[in-house]
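This report describes how two parts of a protein meet and how a ligand is held. The sequence and structure come first.

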Amino acid sequence: MNADSYNLGNIAAVIGTQWGDEGKGKLVDILSEKYDIIARATGGANAGHTIYVPNPLNPEETSKFVFHLVPSGIIHEGKIAVIGNGLVVHLPSLLEELDTLKEYKIDLTGKLFISDRAHIVFDYHKKIDGLEEEQKGDKKVGTTLRGIGPAYQDKIARRGVRFGELLDFDKFSEHVRSTFVQLQRMHKDLKHDIEKELEEIRKMLGFLRPFIADTALYLHKAAKEGKTILIAGANGTHLDIDHGTYPFVTSSNPTSGGLHTGLGIGANKISSIVGIMKAYTTRVGGGVFPTELHDEVGEAIRQKGGEFGATTGRPRRCGWFDAVVGKYAVMINGLTSVNLTKLDILDDLEKIKICTGYKYKGNKLESMPPTISMYENLELEYIEMDGWLEDTSKAKTFDELPENAKKYVLKLEELVQCPVQFIGVGMRRDQMIVR
Ligand code: GDP
Ligand code: IMO
Ligand code: MG
C-alpha cells in the first residue's frame, strides 16, 4: 500500500465499529508511517492489538507484536506515543510492554508521554473486577479482568488517583490509602496488601516521572507547529458505555466523542475518522450478538480467522456481518470512511449472509435496540450472496479482487452508507488495498 494513495489530513482517527478486535492495530501501524504522533484516547489494557511486521532487529523475519496500552504505530522509527487523559493505566502492565519493546531495541524514553490526568489502575481494581463478575453470576459481563470497570468507577465517583499525583509520592500514598479504605467498606471480600503495592509503585517512580506530562497541551502545541497526529482507537462502538449493548459493554466511550474528551482535542480538529469493520462479526465475552453462528460455519471462521482473544486467549464468538451494527457506527461516530478487514477469511465460503435489518414485534427498527430484553424478540432480515471461492490474499488493488468479492464489498458499503476506503486481505502490512 502506497502512502501517497490516501490523504486523511493532519489529525486522523481509527476506531472500532463492532465489538472490538476488528483489526484497528493493523491500520494504525500502516498509517503511522505518515504521522508524527500516535495517541491513545480511551480504555486501558483491555485492548489487545496484534500486528505482524518486519522484525526491527532482522527485517527478513516477520514478528508478532501485541499492544495493550502503547499504540501499535510506535514500531515505526522516530514516532512519539501519547497515552491520553481518557485512559486507565495499570503501571506494571505498561512497564512490561515497554520492556518487550526494548528487547527489539525500541526505547520509548523521551518518546512516550502519559497524561498527568490519566487514571491509575491498581491491583485492587483487578481484584474488584473479579469480585463484581462473580457477584453477577450468569449475568456477568465477561470482562477482561484488567480492572478497567472498577478504575473508571473510581474516576466517576471522584475518588480515583491520577498520574499527576505521583509527582508528590507522600500525598499520592495518602490518597491511595483513603480510597482503598472506602473500597474495603464496599467490598467485604476484598483482600489486598496496599502497602506492598505502594512500595512496588515507589520503586517505579524514577523510571515513570519523565513520562508524565500535560498531554493535551503537548498535542495542541505540536499540532500548531504542523505535526500530524493519529488517534489509535481501542475497543469498539458497540462496547461503548452509552451507545453499546449496555450493560454488556466496557466502562468508557470508545466512540468518536471519547477521542475528544480522552485527549483534549476539539471535535472540529479531527480531519478523518476511519471506522474499522470486520467483513464478518466477532464478539468476546457476554452480551447479545444477533448474527452469531453456532454451527460449523462459525467454527470455520473462528479457525481461519484465528479468532481467539489477544488479551485473554478466549475463543471469540463469530457470526455474519451485521449491517445494522455497521450503519449505527457510521452514524454515531461520523465516520468519514471504512476499513473493511479480514475479507480473506471468507475466501472458502460458498454462500455468505449479511444481516440487513432488525424487526421487533413485526415492526422494522431504524436503529439498534436500547434494551437487552428487546433483543430476545428480534427478527433478523438477511440477504445471501455467492462466495468467490478464490484466494484474495495476494490482491493488491480492488480490481484484482474476484468479482463476487467486489460485489460483497460494494454491498456492505451501500448498506452501512459509508465509503470503503481500505480493504484488508491478510495480516501483513502489504495486505491492505486502498481504493
Ligand atoms: P484490534 O483489537 O482491533 O487491533 O484487532 P485484534 O488485533 O485484536 O484482532 C485482529 C486480528 O486480525 C489480528 O490478529 C490481526 O493480525 C488480524 N488481521 C487484521 N486485519 C486482517 C486481515 O485483513 N486479514 C487477516 N487474515 N487478518 C487480519
Ligand atoms: P480491542 O481494542 C474485544 C469487552 C470484554 C467484555 C467487555 C467489558 O482489542 O478491540 P472490560 O474488561 O473492558 O470491562 O470488558 O468488553 N472488551 C473487548 N472485546 N476487544 C477489545 O478491545 C475489548 N475491550 C473490552 O471482552 O465483553
Ligand atoms: Mg483486539
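## Domains and ligand

Between domain 1 and domain 2 there are zero salt bridges, a salt bridge being a side-chain nitrogen of Lys or Arg within 4 Å of a carboxyl oxygen of Asp or Glu. This is a predicted model, in which local features need pLDDT of at least 70 and side-chain atom pairs count only at pLDDT 80 or more, while totals for chains, interfaces and linings use all residues. Residues are numbered from 1 along each chain as its sequence is written, chains are lettered from A and ligands numbered from 1 in the order in which they are written, and side-chain values use heavy atoms, without hydrogens and water.

Domain 1 covers 119-210 and domain 2 covers 277-435; these bounds come from an automatic or database domain assignment. Their centres, taken over C-alpha atoms, are 37 Å apart. Five residues of domain 1 are in contact with five of domain 2 (heavy atoms within 4.5 Å). About 330 Å² is buried between the two domains, and carbon and sulfur atoms give 43% of that area. Buried area is the accessible area (1.4 Å probe) that two parts lose on being put together, summed over both. Gly142, Thr144 and Arg146 supply 74% of what domain 1 buries against domain 2.

Around ligand 1 there are 19 residues (a heavy atom within 4 Å), and Gly23, Lys24, Gly25, Thr50 and Asp344 come nearest.

| Protein atom | Ligand 1 atom | Distance |
|---|---|---|
| Lys342, backbone N or O | oxygen | 2.9 Å |
| Asp344, polar side-chain atom | nitrogen | 2.7 Å |
| Gly426, backbone N or O | nitrogen | 3.1 Å |

Terms used. A polar contact is a pair of N or O atoms within 3.5 Å; within protein, one must be able to donate a hydrogen and the other to accept it, and residues adjacent in sequence count only if both atoms are side-chain atoms.
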